[in-house]
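Student: I would like to go through this structure slowly and learn what the terms used for it rest on. Could we begin with the sheet?

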Amino acid sequence: MYPYYPETVRFPCLDYRNGPPAQQRLTFVLVHGSWADARFWDDIAAALRRNGHVVYTPEYAGHGGDPNKKVTHAMITKSVVDFITKLNLRDIVLVGHSFGGTVIQKAAEQVPARIKRLVFWDAFVLKDGESLADEVPPQTRQGFEQLRASSKDDTIMLPFPLFRDSFVNTATLDVAQWIYASVAPEPAMPLFEKLDLKAFYALPTPKSYVYFYQDNVLPQGEGFGWNPHMSTRLGMFRLIVGDGDHMTDSRTRPAMVAQKLYEAGRD
């Protein structure tokens with residue numbers, strides 16, 4: 001039997017007669033992943049700003065216009081931490097995509113008081129003492145090592161067939177080629193560095209995980225994958241799911257991605 005509510009009872013949070021409720025105003029700091037730069041966020045950041053949010057997209061060492069590919073994970077993390085502290089950002093939602101998950105893990109150790117919530121979007125959540133390379137299948141790691149060895153500057157450049165089927169598997173061919181045109185060789189060293197994450201796992205910072213069902217970068221099952229393999233390492237966390245792959249939707253459906261990040265970051 002359903003409960004009866006008198007006509008005088010109202011639930012304002014559910015009353016959409018005047019449109020959906022306004023979004024809580026948040027401050028986002030968005031950290032990109034490998035084979036990308038800060039431009040990855042352009043359309044998503046624009047969608048978030050249209051909804052009244054403040055958005056920052058820092059670039060980190062070895063990426064964007066930085067010609068130096070001999071960078072370490074610590075140098076990458078320092079880029080993000082310095083960006084946050086120099087702008088005196090506080091109460092931020094710090095978002096990491098893919099490799100960016102490892103960056104926000106280390107950044108959170110250094111500026112925990114400035115962070116409102118950590119959001120991992122199909123992102124690596126490494127265990128203490130692990131490297132990113134430890135969390136990919138053996139054949140993928142072997143491929144990375146071969147590509148690294150064949151490079152002249154200790155970088156890894158993904159061949160298009162691998163990129164197309166793993167990173168943009170839902171895209172049409174022309175969209176996949178368009179996105180691939182912006183891909184640059186990735187500094188290899190940070191992918192193989194083992195990280196001390198004891199301080200991260202002692203943080204009480206609230207955490208969320210955004211998982212897209214069609215993301216094919218990591219195999220689902222067999223001890224790999226984004227969710228639940230990575231996500232459950234966060235302990236108590238908020239799970240937000242969506243229908244998309246690793247990179248395509250940042251270009252083709254940025255408003256959808258922005259909404260998922262908002263749902264992950266809001267109170």
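**The sheet and its surroundings**

Tutor: Six strands, in the order β2-β1-β3-β4-β7-β8, make up an open sheet with parallel pairing. The edges are held by β2 (54-56) and β8 (238-242), each of which has a single partner strand, so one side of each is left without a neighbour in the sheet. This is a predicted model, in which local features need pLDDT of at least 70 and side-chain atom pairs count only at pLDDT 80 or more, while totals for chains, interfaces and linings use all residues. Residues are numbered from 1 along each chain as its sequence is written, and side-chain values use heavy atoms, with hydrogens and water left out.

Student: How do you know that strand β3 and strand β4 pair?

Tutor: Two strands pair if DSSP finds at least two bridges between them. Strand β3 (residues 92-97) and strand β4 (residues 115-121) share six bridges in the parallel sense, so they meet that definition. Within this pair, Ile 92 stands opposite Ile 115 in β4.

Student: Why is Thr 248 called buried?

Tutor: Buried means under 20% relative accessible area, exposed over 50%, and partly exposed in between (1.4 Å probe, protein chains only). Thr 248 has 4% relative accessibility, and therefore counts as buried. Thr 248 belongs to helix α8 (residues 248-252).

Student: What makes the link between the side chains of Thr 248 and Asp 245 a polar contact?

Tutor: A polar contact is a pair of N or O atoms within 3.5 Å; within protein, one must be able to donate a hydrogen and the other to accept it, and residues adjacent in sequence count only if both atoms are side-chain atoms. The side chains of Thr 248 and Asp 245 are joined at 2.7 Å, so the distance lies within the cut-off.

Methods:
Helix = DSSP H or I, 4+ residues; strand = E, 2+ residues; numbered from the N terminus.
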